[in-house]
Amino acid sequence: VTALPQAAATLGALALAAYAVAVLRRWIAHTPKAMVAPLREAMTIFAQQDSIPAGIDHFLFRSAPVIAFVAMALAALFVPASAHASGVDSSVGLFFFLALFAPFVVAMMNAGWAQGGKAGLFGAFRAAAHLLSYEVPLGFAAIGPVMAAESLSTSRIVEGQHALWYGVWQPLGLALYLVAAVFASFRHPCDLPQADTELAGGTLAEYSGPSLLLFRVALNANFALLMVMGVVLFLGGWQGPLLPGPIWLALKSAALAGLVLAVARRFPRLRHDQMLAFSWKVLLPASLLNVLLVGVLALVLPGSLQ
Amino acid sequence: LTGSAEVRRWFAVDAGGGSAAIAGLERTRVGRRVWSPRHADTLVVVGRVSQKLAPALAQIARAVPQPAWAVVAGDTRGVLSGVEAVEPERLASALARRHLPVLSVDNALQSEEDTVPLPKEREMATELVVHSLGPIQPLTDGPLRFLLICDGEQIFEARVESGYADGADIDPATPLMARLAQVRAAEALRGARVRPELDAARDRELGIVRAVQVLRWAHRFFGVLRWVPAQEEAAALLGRTEALASDSLDWLEGGSPAVRLGADVIARDLRGWAAALADSRLFRMRTRGIGLVPTGTEVQKRAHAMVGPAGEDVHDRVLRRLAEAAHSLEHPADPRSSAVRDGDEAHAEVFSARGAIGLRVGRDGAARWETPTAAALPVVPRLLEGSKLSDAEVVLASLDLCATEADA
């Protein structure tokens, strides 16, 4: 019985976070009416026909946006919003959270594959290449806070930062996490699976109406969740003076998301092999180095700072 | 709700010569440009749709989910019914209107199937895929179709198919070039003597139009790269140069000091930007070593300004063309243009930013155009073959191919 309001609250927060990402993106690009435009756009998309192209794989096509959204909604359950409010306070919460990003990629691949067209097919394989680029660096970057807190529980990780944020003494880990998060959330400049000019939208090319809206909400939610988790892992989560925990978490996450979006905007779109090369030749060794550094620092630093 | 301009999602169809109007629309930020017709709620068609393009347009129009609207600047050849054409200059205000004509498609038009015979003998037994890019695609000026036969992301073979543009004008966006070629050819044919000052004044005006051409292309190119700061820079320079071009009456009179100064300032900023690009690691990373003109390739002289010499890649091509634009702002008089009479024929050449546009006119009125795009098309597949699919779009965008030129 208590699960129902909690589920509703999680879904509401997720939708709000996805909306906030849309607003931030427009605000950074100086688009007029950044606050209301996403809502009105969402309404016009929703009002449009959900067209079913010829030659699609019906089940995969229809289920892909739902899988993407459900995966993100489940991941949202593992975000600790304050000392007492977390959907599921699991002892391995972070592991679950990161694992739920794999079904998201599968949903992207299904979406591309199901269209039965070549643009979608290319998009599907690019999405698969994405999984290979982000997964290992993201996991290794997240290991830093886990080592420091000696727990995979997201609320324990936040509590471990009451004296000093992990981001302060693990800046490399934070940077690696953010880069991998841009990869994982299919954001520009790593949005090759949805490449518009040569694939006319790639994996999302054939979606319209409510399905398109759901997919785009899921994509924004994906990015928002990764930013929130970045705050949880490195920037002290809900902790902060005066204001209540959830507000602090939202403020920090919005600031972090804005920063990442503003920096990412300055890059041209990357090629998938450049992404893969960067991921395996730079991000992976750097994240291993980070694990080593964190291990040494965790031994050297006085316990009160950890 | 549905008539709110700021959330309009438009898909652009450039039927030939519409790139200037579409770039203008992007810069005014009325709504948002989308790249799949399924994501759009408004279809924007610019230019005259040819017989060959009509089925492709119908297919795209059918893909736009209802409710949908249409804005047309040109002639859709009856593909879209119930729309009234607006002037290309008034496209932005037309799109911003609250009530637009409803998009409805003539159902009689059937889209053609693409069947391409695939090469048989191959070393590896992987399956090839034909990726059809176009004819409506955002990489060129006007509709051109590219058939990319891909082995995974690797392009194995490329083919270009032209003939989708209604080739009545060489480039409707810059009518000056073709018209001047016609005038010069006619003068040469009649043996008319033109005052040298007048001829020089015409050349000077061409200088500024060339810069506008290059900047329009740069705006499109950086849009394809999805590189926002560079595209914004191109848009700003383009706006300033277009404003200068609208003062071109002064320019024609021999160059008023204000216009001269304006041109020099833009040229200086353009050079500064090109220098910053040359230093940019990001730019190098994304454009180095792709779209290489193979050594030993016969690039026709006419296509040199567009394709560049053997060994040139996208990186050098972009920088060279920006430098050329700056040069033509600083030294607008162009000594290269010519008009000669040869018996019963006259031949005139005018230099656009893409290369030399030639016109051969006989006494019987027969006219033959020689355009840089037509000269470049045979080389294009060689630039694409062996490259990655996601590089192909960058290479194609770097070429500034113009469909109306190819089909003239």
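User: In this predicted model, which residues are linked with B:Asp141 in a network of salt bridges?
Analyst: The model is a predicted one, and its chain B contains a network of residues joined by salt bridges. Side chains of opposite charge can pair when their charged atoms come close. Linked with B:Asp141 in this network are B:Arg220, B:Arg321, B:Arg354, B:Asp400 and B:Glu405.

User: How many residues apart in sequence are the parts that B:Asp141 and B:Arg354 tie together?
Analyst: The side chains of B:Asp141 and B:Arg354 meet in a salt bridge, with N to O at 3.1 Å. B:Asp141 lies in the loop between β5 (129–133) and β6 (145–151) of chain B, whereas B:Arg354 lies in the loop between β9 (345–351) and β10 (356–362) of that chain. The pair therefore ties together parts whose separation in sequence is 213 residues.

User: Which helix of chain B holds B:Arg27, the partner of B:Glu242?
Analyst: B:Glu242 and B:Arg27 meet through their side chains in a salt bridge of 3.1 Å, N to O. B:Glu242 is partly exposed at 24% relative accessible area, and B:Arg27 is partly exposed at 25%. B:Glu242 lies in helix α6 of chain B, and the pair ties together parts 215 residues apart in sequence, because B:Arg27 lies in helix α1 (residues 19–28).

User: How much area do chain A and chain B bury between them?
Analyst: The size of an interface is often given as the accessible area lost when the parts come together. Here the contact takes 43 residues from chain A and 43 residues from chain B. Of the buried area, 56% is on carbon and sulfur atoms, and the value between the two chains is about 4000 Å².

User: What is the count of salt bridges between chain A and chain B?
Analyst: One salt bridge joins B:Asp391 and A:Arg271, with the closest N and O atoms 2.8 Å apart. A:Arg265 and B:Glu232 also meet in a salt bridge, at 3.1 Å from N to O. This pair crosses from the loop between α12 (245–264) and α13 (272–300) of chain A to helix α6 (residues 228–246) of chain B. The structure holds 36 salt bridges over all chains, and the count between chain A and chain B is five.

User: Which residue of β2(B) does B:Trp10 stand opposite?
Analyst: Strand β1 (residues 9–14) of chain B pairs with β2(B) in the parallel sense over two bridges. Across from B:Trp10, the residue in β2(B) is B:Arg33.

User: At what angle do helix α1 and helix α2 of chain A pack?
Analyst: Two packed helices are described by the angle between their axes and the distance between the axes. For α1 (residues 3–28) and α2 (residues 37–47) of chain A, the axes are 9 Å apart, and the angle is about 120°.

Methods
Residues are numbered from 1 along each chain as its sequence is written. Chains are lettered from A and ligands numbered from 1 in the order in which they are written. This is a predicted model: local features need pLDDT of at least 70, side-chain atom pairs count only at pLDDT 80 or more; totals for chains, interfaces and linings use all residues. Side-chain values use heavy atoms; hydrogens and water are left out. A salt bridge is a side-chain nitrogen of Lys or Arg within 4 Å of a carboxyl oxygen of Asp or Glu. Helices (H or I, at least four residues) and strands (E, at least two) are DSSP runs, numbered from the N terminus. Buried means under 20% relative accessible area, exposed over 50%, partly exposed in between (1.4 Å probe, protein chains only). Two strands pair if DSSP finds at least two bridges between them. Axes are lines fitted to C-alpha atoms, for helices over the stretch in contact, and angles run from 0 to 180 degrees between N-to-C directions. Contact means heavy atoms within 4.5 Å. Buried area is the accessible area (1.4 Å probe) that two parts lose on being put together, summed over both.
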